[in-house]
Each structure stands twice: as structure tokens, then as C-alpha cells.
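Here are my comments on the model you sent. They are given as numbered points, to be read beside the structure.

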Amino acid sequence: MTASTTRRTTATRSRIAAVGAVAVAGSLLLAGCGDQTDAGSSSSSSESPASSAAPLFAKLPKKYQDSKVIKIGTDAAYAPMEFTEGGKIVGVDPDLAEALGKQLGVKMEMVSGTFDGLITSIYTGRQDLIMSSMTDNKKRQEGLDDSGKKIGKGIDFVDYFSSGVSLLVKKGNPQGVKSLDDLCGKTVAVQRGTIYEDTFKAQATKCGDKKLTIQAFDTDAEAQTRVKAGGAVADLNDYPVAAYIAKTSGGGNDFEVAGSQADVGLFGIGVSKDNTQLRDAVKEALDAIIKDGSYAKVLEKWNVKDSAVTQATVNAGK
């Protein structure tokens, strides 16, 4: 994936892949280009054996009690949330799916496809759930495109993760950056064509005479290099991506995340509106792993604990 545009519209923030992004706007996010989660693509299954003795097994629809499998669609190109390593899908979402599976007593089979086809995969029944860092918003809930036109039934969301955008600065934060306002009079680097560039442009207007200089690059890797070299004070990314870069680049010695997240929204587990029993079982399972601490362990493992929610909600996105 090498396109430099965003996967989400400006109104709903961008989901940028760690190595690039795929342009998907408006109705493509809701209707997709067809169901593109394919059994031949990368996949992952929960390690825990299915068990009718699991705490919430009886809450599942009979279909899943019989099959002992829940199929999950994702786009495994968004480290650390979901990405492919050694032919297996790994990351925050696969680990959370495994924890949910232990509560539900079923195997959670995750298959990677294209982001724009995920909602269609729920419509067609190829997948039972979506776990792919998908922002819960009213348009997706109601099946609307960006103009408000009805193009699908819509889906429900069990909200499990809170994420905004974060500034990525050089390790040690030599310029003492804590917020966008601290960037006035300085130079920033960003991937061209993303909502992050739009955010910096809006901040430049706010800075007025105290000019904010924006250097835009074809890839986020180039923007990161500029910050690392000291030619710019900050880059901007979705919080999970920024946190992952800070943890892994140069063994954790290149960057750090500065200040608090901005423009915070909710990621949701997508489920068919016709499958309320599954939705409610997943919600109960999420509350259970929050309560028993396994949810927190997953987020801490991937260095995204600041995105934790305190309880499961349904369709709480705006």
C-alpha cells in the first residue's frame, strides 16, 4: 500500500497504514467495492480451544454455539492495531479478539481483506464481525454516504478503543512541544494529502504572524526522518501509530509522543444490525475482559494504554 491519501474522510479522521494508506472516500467506506475479505489472504485464529463451559457461551446465538467459530474481517496493514508478521495477523485487535473468544468459548478467526470491503462483508454474511480500527460514526451506523444519501443498511458498533491524533517528536522533546499551539513559529513535517496535513494547515492559520512552516512529504517515513534529523519539530499521526513508532523506531530511542491526544473518537467492533444477540454477547465479553484486566494487559503490551475505555458501549460514536 503506497497511496498517500487517507482511508477516512476528514470528518472521521484518517486510518493510515504503517507503510502508507489506501484512498477510500464517501460511499466506499460504507458500501465498499464488494466483499473483499478473502479466505486466501492472511489470517489468524485465537489460540484458546472452543469451550461450551466458557462464561458467556450460552449468550451466543445457536449458530455460533454449533460452529464454535466467529469470523472477523480486518485490514491487517495498520500497526500496531492489526498487521501481518510471519504470515500471521498480529496486533491489538487480534489479541483483544482472542481475549473475547475466551469469554465466549469460540475460536475467533480473523481474515484480512481491503478496508473498503469490510462493511460489505458484514452485509453478505461472509464475516460476523469487523475488528479493524474502524471509527464508529453515525454515517456507518445508518448506512449513509458523505452527502447523507442512504446506500446501505448500516451496522452496529461495540465501542472498545478511544483514539485521537498525537504529535510525534524527537526523543527527549528538545523543543518542549505539548500541543499544537506550541508549534507556532516552528517547522513541522507531515505526509502529503492526509488529514494530518489539513490539521497543520488549520493550525498555521491559527498561528497567524507567528508562522508555522509545513514540510509535506510523499510518505510518513520521510516526515519521520525529517523530525529525527532535527529539520522539523513534530510529525502528526493517529495515536496508536505514533505510539508504535515511538516504541519501535531505533529501539525506542528516536521519538516520543508529545502531549495529549486531540480529536478523540471511538473505534468499534462492527456487527450486523440483524445480529443483536451477537452484538450484546460481544459487549458483555468486552466488559468482562475490562473487569478481569486482560484488556488492559493487551493495551499495555502494545503501548496504547492511553486509548483504553472503561466500559463497553454500543453506537456511542458521533
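**Notes on the predicted model**

1. The side chains of glutamine 203 and aspartate 181 are joined by a polar contact of 3.1 Å. Please keep in mind throughout that this is a predicted model. The side chain of glutamine 203 also reaches the backbone oxygen of leucine 180, at 3.4 Å.

2. Glutamine 203 sits in helix 6, which covers residues 195-207. Is glutamine 203 buried or exposed? Its relative accessible area is 5%, under the 20% cut-off, so glutamine 203 counts as buried. Leaving aside residues up to four places away in sequence, glutamine 203 touches Leu180, Asp181, Cys184 and Leu212.

3. For the chain as a whole, there are 10 helices and 13 strands. Of the 318 residues in the protein chain, 53% are buried. Taking contacts between residues at least 6 apart in sequence, 75% join residues at least 24 apart.

4. The axes of helix 3 (residues 92-104) and helix 10 (residues 294-301) come within 10 Å and cross at roughly 160°. Angles over 145 degrees count as roughly antiparallel, and helix 3 and helix 10 are therefore roughly antiparallel to each other. The crossing of helix 3 past helix 10 is right-handed.

5. Which residues make this contact? Helix 3 contributes Val92, Asp95, Leu96 and Ala99, while helix 10 contributes Ser294, Tyr295, Val298, Leu299 and Lys301. Sorted by class, the contact of helix 3 with helix 10 has six nonpolar residues, one polar residue and two charged residues.

6. Most residues other than glycine have a negative phi, and most peptide bonds are trans. The peptide bond between alanine 79 and proline 80 is cis, with omega about 5°. Proline 80 is in the loop between strand 3 (77-78) and strand 4 (82-85).

7. Serine 133 is not a glycine, yet has a positive phi of about 50°. Serine 133 lies in the loop between strand 7 (129-130) and helix 5 (138-142). With a relative accessible area of 0%, serine 133 is buried.

8. Asparagine 315, also not a glycine, has a positive phi of about 55°. Where is asparagine 315? Asparagine 315 is in the segment after strand 13 (313-314). Its relative accessibility is 18%, and because the cut-off for buried is under 20%, asparagine 315 counts as buried.

Terms used: Residues numbered from 1 in each chain as written. Predicted model: local features only at pLDDT ≥ 70, side-chain atom pairs only at ≥ 80, totals over all residues. Heavy atoms only, no water. Axes fitted to C-alpha atoms, helices over the stretch in contact; angles between N-to-C directions. Helix = DSSP H or I, 4+ residues; strand = E, 2+ residues; numbered from the N terminus. Parallel < 35°, antiparallel > 145°, perpendicular 65-115°, else oblique. Left-handed = near helix turned anticlockwise from the far one by under 90°. Contact = heavy atoms within 4.5 Å. Nonpolar A, V, L, I, M, F, W, Y, C, P; charged D, E, K, R; others polar. Buried < 20%, exposed > 50% of the residue type's maximum accessible area, 1.4 Å probe, protein only. Polar contact = N/O pair within 3.5 Å; in protein donor to acceptor, adjacent residues only side chain to side chain.
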